[in-house]
Amino acid sequence: MGTLFRTKTVERSIRETEAPGHRLRKDLTALDLTVFGIGVIVGTGIFVLTGRVAREYAGPAVAVSFVVAGLVCALAALCYAEFASTVPVAGSAYTFSYATMGEFPAWIIGWDLILEMALGAAVVAVGWSGYFTSLLSGFGIDLPASLAGEGARFNLPAVFIVLAATAVLTIGIKISSRINALMVAVKLAVVALVVIGGLFFVKAANYRPFIPPPQSTETVEGVRAPLIQVLFGLTPVAFGWFGVFSAVAIVFFAYIGFDVVATTAEEARRPQRDLPIGILSSLGICTLLYVAVSLVVVGMQPYTELSEAAPLADAFKAVGRPFFAGVISVGAIFGLTTVVLILMLGQSRVFFAMSRDGLLPQWLAHVHPKYRTPARSTLFMGVVVAVLAGLIPLSALAELVNIGTLFAFMLVSLGVLVLRRTRPDLRRAFRTPFVPLVPVLAALGSLFVMVNLPVETWIRFFVWMLVGTVIYLSYGRGHSKLQTSPEKSLRSVI
């Protein structure tokens with residue numbers, strides 16, 4: 001049992017980043033990291049989720065849901081910033097957990113991050129395919145239904161964008177950051193267009209009632225009912241305050257990605273300074289954008305009439321501005337491209353870190369001699385994500401991504417308290433304020449959002465965790481570098 005909770009010291013983690021064959025290029029600045037964060041956060045939430053959540057769960061109060069989700073993320077971000085500046089090693093929450101809670105919890109978090117980032121990238125790639133197909137249709141080019149869209153037998157555009165992102169990430173981190181910066185500039189311009197242009201079409205009547213009265217709907221029936229309502233024996237309802245909190249659990253998908261900034265810790269020039277700036281600034285900027293856009297869109301059109309597939313573009317069509325709708329569709333393609341790119345960036349770094357530790361096959365931890373990127377991990381995960389995006393309609397599994405992210409947030413927040421107690425001597429360039437209050441609130445906030453997810457999401461999550469546990473016990477535990485090359489002084493948290 002003790003080996004399940006053996007910890008890997010911070011010093012060893014940092015030392016291994018300089019090992020020949022595992023050294024990544026340090027090219028990223030604070031601005032690069034901030035743009036990465038904005039690139040992955042501003043995407044699905046603005047271009048897709050706003051309409052669905054307003055129609056089915058929260059009404060005009062979807063803006064409140066974005067604020068609550070942003071607050072939970074902000075609390076977790078303060079904990080991530082301390083960890084990332086103290087342990088500037090690829091792997092994000094996986095690496096942090098290895099240093100504080102032990103190997104098995106670290107494996108679970110790593111397995112969890114695979115769920116978050118790989119599945120998330122595939123979900124967004126399917127969404128990208130929808131916008132791309134719509135754009136081509138506007139030029140008179142109609143792709144066969146069997147090759148495009150969520151119901152396709154083989155979603156060719158989704159596979160294309162995943163493989164293109166894989167190629168860019170393999171070539172180099174700096175090239176990836178430049179391409180991302182260009183696309184982020186385009187989509188921020190589109191978001192500004194939505195907010196400024198949409199203000200001229202806002203009608204006060206569309207905000208009433210701001211929080212629609214609670215009602216039973218098909219979206220919360222059976223296993224789709226939020227867990228918290230089932231636990232307390234309540235009749236599952238949408239709208240009202242319960243609906244607002246259920247919406248929080250869904251729009252949380254819009255925020256996944258700020259933790260991806262932490263996965264690039266080894267590639268930051270000054271990680272102790274740049275990582276906290278990148279994490280906190282990208283999250284703050286994106287929360288303001290989400291609230292502004294959601295308020296404008298529900299003000300332009302009654303929430304019951306909002307489109308679920310392309311709420312921003314269709315809202316402008318509804319007020320007689322089809323040109324704006326076309327521009328927004330182009331912005332959505334750029335926006336979702338950066339989300340796919342950066343989620344796959346984060347996933348490859350987590351996979352790289354786990355392989356370097358021996359919990360996954362070590363040949364996947366090879367760094368390309370010219371580009372200094374984890375090429376094998378990147379290519380392997382690129383193929384996996386491409387297969388998922390091409391063959392499986394994944395939109396229904398988006399909530400599974402949320403629960404994985406929230407679980408990681410909860411453990412990272414608690415990990416701050418553990419590392420403060422076990423290693424008070426470590427230099428912390430950034431310190432989470434008001435400890436233990438902030439980490440405890442971050443963990444409780446994450447748990448609260450989790451229990452507002454549907455029962456079916458929890459069932460799928462437990463199945464995923466069970467599969468991960470079997471893989472660790474059958475492979476990772478015996479091949480771990482802490483097993484084959486233990487440290488002289490092995491510390492444990494139990």
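Predicted model: local features only at pLDDT ≥ 70, side-chain atom pairs only at ≥ 80, totals over all residues.
Colleague: Let's start with the backbone. Which peptide bonds are cis, and what is omega there?

Modeller: The general idea comes first: most peptide bonds are trans. Here, Arg-208 and Pro-209 are joined by a cis bond, with omega about -5°. Another cis bond runs from Val-435 to Pro-436, and its omega is near 10°.

Colleague: Where does Pro-209 sit? And what is the place of Pro-436?

Modeller: Look in the loops. Pro-209 is in the loop between helix 8 (173–198) and helix 9 (227–231). Pro-436 belongs to the loop between helix 16 (398–422) and helix 17 (437–451).

Colleague: What about phi? Which phenylalanines have a positive value?

Modeller: As a rule, most residues other than glycine have a negative phi. In this model, Phe-239 has a positive phi near 65°, and Phe-434 has a positive phi of about 55°. Phe-239 is in the loop between helix 9 and helix 10 (240–251), while Phe-434 lies in the loop between helix 16 and helix 17.

Colleague: Is Phe-239 buried or exposed? And Phe-434, buried or exposed?

Modeller: Phe-239 has a relative accessible area of 5%, so it counts as buried. Phe-434 has a relative accessible area of 67%, so it counts as exposed.

Colleague: Now helix packing. At what angle do helix 4 and helix 17 cross?

Modeller: Two packed helices are described by the angle between their axes and the distance between the axes. For helix 4 (residues 62–86) and helix 17, the axes come within 8 Å and cross at roughly 135°. Helix 4 is therefore oblique to helix 17, and the crossing is left-handed. In class terms, their contact has 10 nonpolar, two polar and no charged residues.

Colleague: Which residues in helix 4 meet helix 17?

Modeller: From helix 4 you have Val-72, Leu-75, Ala-76, Leu-78 and Cys-79. Their partners in helix 17 include Val-438, Leu-441, Gly-445 and Val-449.

Colleague: And how far apart are the axes of helix 7 and helix 14?

Modeller: The axes of helix 7 (residues 156–171) and helix 14 (residues 322–356) are 9 Å apart, and the packing angle is about 55°. So helix 7 is oblique to helix 14. The crossing is right-handed, and the contact residues divide into nine nonpolar, two polar and no charged. Among them are Val-162, Ala-165 and Leu-169 in helix 7, which meet residues including Val-340, Leu-341 and Met-344 in helix 14.

Colleague: One last residue. Where is Phe-409 found, and which residues is it in contact with, leaving aside neighbours within four places in sequence?

Modeller: Phe-409 is in helix 16, and it is buried, with a relative accessible area of 0%. With those neighbours set aside, its contacts are Cys-73, Ala-76, Tyr-80, Phe-252, Phe-258, Asp-259 and Ser-446. Phe-409 and Ile-109 are 300 residues apart along the chain, and their C-alpha atoms are separated by 9.7 Å.

Terms used
Residues numbered from 1 in each chain as written. Heavy atoms only, no water. Helix = DSSP H or I, 4+ residues; strand = E, 2+ residues; numbered from the N terminus. Buried < 20%, exposed > 50% of the residue type's maximum accessible area, 1.4 Å probe, protein only. Axes fitted to C-alpha atoms, helices over the stretch in contact; angles between N-to-C directions. Parallel < 35°, antiparallel > 145°, perpendicular 65-115°, else oblique. Left-handed = near helix turned anticlockwise from the far one by under 90°. Contact = heavy atoms within 4.5 Å. Nonpolar A, V, L, I, M, F, W, Y, C, P; charged D, E, K, R; others polar.
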